[in-house]
Amino acid sequence: MSLYHSTRSRALACSSKDAIRTGIAPDGGLFVCDALGGEKLDVSALASKDYAAIAREVLGMLLPDYTPDEIAVCVDEAYANSFASPEVTPLVALEGAGEADGVGTYVLELFHGPTSAFKDVALQMLPRLMARTSSDSADESIMIVTATSGDTGKAALAGFADAPGCGITVFYPEGKVSHVQQLQMTTQAGKNVSVCGVRGNFDDAQSAVKRIFADQELACRLRKRGVALSSANSINVGRLVPQVVYYFAAYAQLLRAGAVKPGDEVEFCVPTGNFGDVLAGYYAKLLGLPVARLLVASDKNNVLYDFLTTGVYDRNRPFFTTTSPSMDILISSNLERMLYFLSGGDCDLVARLMGELAESGRYEISPDLLAGIQEVFGCGWADEKQVAEAIAACWQDHGYVMDPHTACGYHVLGQTPAAAGARARVLLSTASPYKFPRAVAEALGLRTPKDDFACMDVLAQATGTQPPAQLSCLADAPILHDSVVDIDRMEAFVERAAKKL
C-alpha cells in the first residue's frame, strides 16, 4: 500500500487515513505520497462517466487504504443531494470567446454546493473521509481548527456541523471578508461549532493555526480530554484530493460536447491564493490528464506571480484588502507540495526553504527548479480596476456574470495567449457572484444600496439571474457567533471550544 510522509522528511510514514486524521505532519510539513503519478487514469473512457464515477476512480487511486465500498459511500453522501447541478461542477461555454484562434473558452462552475463556493466540493467529502479514519482510542474526538480567508470557513462549517465525534473551530480575519461571507459563518448553527473573528489578516490567522498544531503542550492537555486536532484547510490532503476530481470532470464534459478528442490538451486558469486549487490540477496532470498549462491568477496580493516569474518568494510586502478576499494571501501553503514534487522529492530542500520562509519571510529557488516549474505553470494578476473591468467586459461580451475572484482569472486569460497545443481553455469559477453582490454590482455600473441583500436584488433584476436561496436567506438569520480575539488568544479560544466535545 502506498504511504504518505511529510514534505520535509521521510522519517515517519503513514496511511492516507492517518494523514487525513492528523491534518499536518508532526514536523510542520504537508503530507505527500511518492506513488502519485505511478498510476494513470484512462481519459478516453471519461466521456461515459458521471461525476460520481469519476470521483470514485480518482479517490480510489489517491487514497489507497480506503476500500472501494468506503469510497462509494463517501461519494454518494457528499454529492448525491448536496449540489444544485446534476453535473456537480457544470462547464459553461463563453460564446464567442477564443473563436479567433480556434481555442474555445469555458467556465467550470464550482459554486453549486451548499455554501456557493468551490470549497464545497472538497468539504462535503472531507467529513465523510474523516469519519472513516481510526484512532487508538475509541473515545477520541477530532477538533477541526481552520483559518479562512472567506470561503473555507463556511464550507467547513456546513460539512462538519453536528458531525459525530467532531467539533469545528473557524477563525476569520475581522473586516477582511465580504459581509455575506461573514454572515454565512456567524449564523452557523450546530452544537459542535465555534466561530471567531481575529484582529489581523488571513496570513496571521493561518500562521497561528499552524503554531497551534505544533504546540505539544496544548496537544497533551487536549489529549487528556480525549481531543485531537486536525485541519480542514487544503493543507489537509483529504481536503486537497477531492479537488482533483473536477479537473477530470471538466475534461469529460469537453469530450461529451465534442470540444476535444481524447488526448487533446486543455489549459486551465485558476484564481488562487493558497495554491491548493491549482495544485489539484497538477495532481490531475500527474494522474494522466492532458494539461497544456496551469495558469495561476492572482489579485493585487501577487506574491505567487512574483515567485513564478523570478524564483523569489517574499512575503515581506504590503498586504492589500481587495474585492477578492479569498485570494488575499501572502503565505501560500500548498506551494510547499509543489516544490516537493518538482524538486524530485527533495525533502531537505523543502525543509530548508520553509525554514527560511519562517525565519525571514523569504526564500529563493535555483534557476533550474524555476525553469521546471515554468514548464507547468504560467501566471498573471489583476489589480482592482482590472477586476472590475473584467466583470463588466464578461457581462457585456458574453452575458455571463462572475465574481471578483473568477474575474481575476478572466483578466489573466485575456492577457495571456493560449498555451501551445491547447484545444480548449477552462477558467475555474470559484464562487457565486452573489457572495460579493456589491463589488459585482459596482463593476456593472448598477445602483448599490447600503444593504448587501438589496444589492443582490439589484443584481438579479439587472442580469436576469437569481441569488442562491442559501445566500438570500441570510438577511433574516440570527447572529450566533460574535467573538473576536487577538492573534495571541486564538489558542485559548480553541481550548475553550474543545470543552464542548
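Strand pairing, pocket and cavities in a predicted model

Strands β1 (residues 4-6) and β2 are joined by three bridges and run antiparallel. Strands pair if DSSP finds at least two bridges between them. Strands (E, at least two residues) and helices (H or I, at least four) are DSSP runs, numbered from the N terminus. Ser6 has Ser9 in β2 as its bridge partner. The two strands form a hairpin, with two residues between β1 and β2.

The model is predicted: local features need pLDDT of at least 70, side-chain atom pairs count only at pLDDT 80 or more, and totals for chains, interfaces and linings use all residues. Residues are numbered from 1 along each chain as its sequence is written, and side-chain values use heavy atoms, with hydrogens and water left out.

Strand β15 spans residues 422-429. Seven of its eight residues are buried, so β15 is largely enclosed by the rest of the structure. Buried means under 20% relative accessible area, exposed over 50%, and partly exposed in between (1.4 Å probe, protein chains only). β15 pairs with strand β5 (residues 104-109) in the parallel sense over six bridges. Within this pairing, Val107 stands opposite Leu427 of β15. Strand β10 (residues 265-271) also pairs with β15 in the parallel sense, over five bridges. Here Val266 stands opposite Ala424 of β15.

Strand β8 (residues 193-199) is mostly covered, with six of its seven residues buried. Six bridges pair β8 with strand β7 (residues 166-173) in the parallel sense. Thr169 stands opposite Ser194 of β8. Arg199 stands opposite Asp486 of β16.

The largest pocket has a volume of about 1300 Å³. Its lining has 46 residues, of which Ile24, Ala25, Pro26, Phe213 and Ala214 are the closest to the centre. Two or more lining residues come from each of β2 (9-14), α1 (16-22), α8 (202-214), α9 (216-224), β9 (227-230), α13 (335-342) and α14 (347-360). Helix α8 gives the most, with seven residues. By class, the pocket lining has 23 nonpolar, 11 polar and 12 charged residues. Ala, Val, Leu, Ile, Met, Phe, Trp, Tyr, Cys and Pro count as nonpolar, Asp, Glu, Lys and Arg as charged, and the others, Gly among them, as polar.

Pockets and cavities were assigned on a 1 Å grid over the protein atoms alone. A cavity is a set of points where a 1.4 Å probe fits but cannot get out. A pocket is an open set with protein on both sides within 12 Å along at least five of seven lines. Lining residues have an atom within 4 Å of a point. Grid points are joined across faces, edges and corners, and a volume is the space filled by probe spheres set on the points.

By this rule there are four cavities of 30 Å³ or more. The largest cavity holds about 240 Å³ of space. Of its 24 lining residues, Phe118, Lys119, Gly273, Asn274 and Ser326 are the closest to the centre. Helices α6 (151-160), α10 (237-257) and α11 (276-286) each give two or more residues to this lining. The cavity lining has seven nonpolar, 13 polar and four charged residues.

Helix α9 is capped at its N-terminal end by Asp215. A side-chain oxygen of Asp215 lies 3.0 Å from the backbone nitrogen of Glu217. After α9 comes Gly226, with a positive phi near 80°.

Two loop residues complete the description. Gly344 is found between α13 and α14. Gly344 is exposed, with a relative accessible area of 67%. The C-alpha atoms of Gly344 and Asp34 are separated by 9.7 Å, although the two residues are 310 residues apart along the chain. Ser85 lies in the loop between α3 (68-79) and β4 (91-93). Ser85 counts as buried, at 15% relative accessibility. Its side chain reaches the backbone nitrogen of Glu87 at 3.1 Å.

Key: Polar contact = N/O pair within 3.5 Å; in protein donor to acceptor, adjacent residues only side chain to side chain.
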